[in-house]
Every structure is written in C-alpha cells, then in structure tokens.
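Thanks for coming. Please have a look at it first.

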Amino acid sequence: MTPALALRDVRISRAEAPVVHGVSLDVAPASVTVLLGANGAGKTTLMDGIAGLVRCTSGTVSLDGRPIDKLSTYRRATAGLAYVEQARSVFRTLTVEQNLLVAQRDGADLDTAYRLFPELDKRRGLQAGHLSGGEQQMLVLGRALVSRPRTILIDEMSSGLAPVVVHRLMRAVADLVDLGIAVLLIEQFAHLALEIGERAYVLSKGRIAYDGPCAELRGDADRLHDFYFGATPQPAGAAVADHGPGSGPVESGGA
Ligand SMILES: Nc1ncnc2c1ncn2[C@@H]1O[C@H](COP(=O)(O)OP(=O)(O)OP(=O)(O)O)[C@@H](O)[C@H]1O
Ligand SMILES: [Mg+2]
C-alpha cells in the first residue's frame with residue numbers, strides 16, 4: 001500500500017546547524033502514526049520540513065506517492081496536507097463558524113467539523129476568543145479538517161490543557177482515522193498518543209531511535225524513559241521518574 005506520507009533520508013538544518021540527520025518514515029493511510037522524542041530532538045523541525053516551512057537540505061518527502069518537496073507550502077496544502085502547528089491559535093474576534101469558513105476548501109462540509117466536535121456546534125455564533133482552551137484547540141482541529149486534508153500533521157496540541165480535555169482531543173484524533181485521514185502526531189502525553197496510534201517513531205538528536213508498533217512501547221515505560229532521557233544505570237527495582245513519558249507530559253530532558 002502506498003503510504004499517505006513517506007520521508008526518505010530527510011536532512012534539515014536550522015540556522016546553518018544540522019538538526020535532522022537523515023530521517024526516513026512512513027505514515028500509513030487512515031491511521032495515526034506517533035512521533036515522540038525529548039525536547040529539542042527535532043520533531044517540530046521535521047514537521048516544518050514536511051509542510052515546507054523550512055527547506056530540507058536533502059532527501060524526499062512524498063504525499064500519496066508523489067514528491068512534494070519542491071512544492072510551496074500552499075501547494076502542499078492543496079495537495080492534501082494540513083499542518084496544526086505547535087501553539088497554533090484561532091482568530092479570536094471571529095465566530096466559531098467564521099473561523100471554519102476562512103479555512104474551508106473545495107466546498108468542504110462544515111458539518112463534518114461539527115459532527116466531530118458537537119461542542120463547537122453549540123457555539124457556532126460565539127467569538128472564538130470566548131471559547132475555553134480545549135474548545136479553541138478543537139476549533140484548530142476543525143479548521144484543519146475543513147481544508148479537506150488526506151494527511152494532517154499535529155504538533156503538541158495539549159499544552160496547558162487538563163488531562164480530561166487531552167483525552168477528549170485524542171478521541172477526536174482517533175475519529176479522524178474513521179474519516180480516512182492519516183495523522184502524524186507529536187504529543188507530550190506519550191502514553192495517550194500510544195493508545196490511539198498504530199506505529200511509533202522516536203526521534204533522538206535528529207535520528208530515528210525507534211520504529212515499530214505503538215503497542216510495543218505502550219507497556220514499556222522503562223524503554224520509553226530511556227529514549228527520552230538516555231539509559232541510566234538503575235538500582236534493582238527502581239521506579240521510573242514520576243513525570244516520565246509513561247505518566248504525563250514530558251517536560252525536560254536533553255535530546
Ligand atoms: N528557528 C530556529 N532557529 C534556530 N534553531 C532552531 C530553530 N528552531 C529550532 N531550532 C533548534 O533545532 C533543534 C530542534 O528543535 P525542535 O523545535 O525541532 O525540537 P522539538 O523536538 O520539536 O522540541 P520540543 O519537544 O521542545 O518542541 C533545537 O536545538 C532548537 O534549538
Ligand atoms: Mg516541538
């Protein structure tokens with residue numbers, strides 16, 4: 001099966017310094033692929049490169065089997081790629097409906113977004129600035145959805161949100177799969193992402209350190225911890241740090 005998104009030996013630099021060192025990965029159609037890694041590992045840089053916000057120094061990026069790395073950001077979007085950037089926000093003075101209309105493409109049905117998020121349906125006429133943080137994030141996802149993407153890149157949408165809201169958003173991401181959409185998901189609540197994902201990649205210092213089923217990492221907090229913080233000798237029976245990737249957002253740790 002042709003991957004929805006395929007990267008081959010992608011290298012990206014930031015301010016002349018190499019950050020992503022030859023990454024290859026596949027995102028299967030209608031599935032969630034999880035991209036994990038410590039702060040500064042290069043996750044956002046990789047997504048920026050896929051979306052065309054930064055130039056890849058070498059390698060190829062293909063969408064549904066067609067190379068897109070020579071296309072502008074806009075042309076990548078019209079080819080079916082949506083990007084929910086880290087800390088993306090809504091137009092606060094526009095209503096919920098107007099926010100969706102601005103993002104709508106090819107006559108997309110706004111009801112698709114309202115079905116995914118009944119919370120927004122009830123607030124169509126409300127200025128987006130009056131929504132809660134979680135509802136604003138739903139609107140960000142809804143805006144991506146009405147651009148009629150076949151693949152969505154999502155970079156950490158749970159920052160500052162209560163766990164119950166993060167669960168709600170993860171459910172919505174899983175529902176995108178039922179709409180036939182492929183998702184590449186960066187998420188600081190690694191254990192939640194691994195619950196809805198099929199395949200996982202862990203990026204460490206700009207290189208793929210793990211490529212395999214989410215199920216394999218799901219129950220292995222020690223291994224996940226090592227990917228984030230590096231393997232450290234542990235006394236027998238020692239517990240994983242309280243705020244490690246298995247139990248909540250990963251807040252620190254060098255790449
Ligand atoms: N605009 C930029 N200019 C220069 N260097 C950058 C820029 N953006 C990121 N970097 C550097 O690139 C490296 C990777 O950063 P990136 O933001 O891609 O990591 P990340 O995995 O997304 O981290 P986080 O989990 O904190 O979001 C870091 O060393 C960072 O300092
Ligand atoms: Mg990032």
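What is the order of the strands in the open sheet of 4 strands? The order is 2-1-4-5, and the pairing is antiparallel. Two strands count as paired if DSSP finds at least two bridges between them. Strands are DSSP runs of E with at least two residues, helices are runs of H or I with at least four, and both are numbered from the N terminus.

Before going on, some housekeeping. This is a predicted model, where local features need pLDDT of at least 70 and side-chain atom pairs count only at pLDDT 80 or more, while totals for chains, interfaces and linings use all residues. Residues are numbered from 1 along each chain as its sequence is written, and chains are lettered from A and ligands numbered from 1 in the order in which they are written.

Back to the sheet. Strand 1, residues 5-14, pairs with strand 2 over 8 bridges in the antiparallel sense. Val10 has Val23 in strand 2 as its bridge partner, and Ser13 is opposite Pro18. The two strands make a hairpin with 2 residues between them, and Ala15 in that turn has a positive phi of about 45°.

Now the helices. Helix 3 (residues 96-103) and helix 6 (residues 133-145) have axes that come within 8 Å and cross at roughly 30°. Axes are lines fitted to C-alpha atoms over the stretch in contact, and angles run from 0 to 180 degrees between N-to-C directions. Helix 3 and helix 6 are therefore roughly parallel, a label for angles under 35 degrees. Val96, Asn99, Leu100 and Ala103 of helix 3 meet Leu139, Gly142 and Arg143 of helix 6; contact means C-beta atoms, placed from the backbone, within 7 Å.

Helix 6 also packs against helix 7 (residues 163-178), at an angle of about 15° and with the axes 10 Å apart. This pair, helix 6 and helix 7, is therefore roughly parallel too. Helix 6 contributes Gly134, Gln137, Met138 and Leu141 to the contact, and helix 7 contributes Val165, Arg168, Leu169 and Ala172.

Technical notes: Parallel < 35°, antiparallel > 145°, perpendicular 65-115°, else oblique. Contact = placed C-beta atoms within 7 Å.
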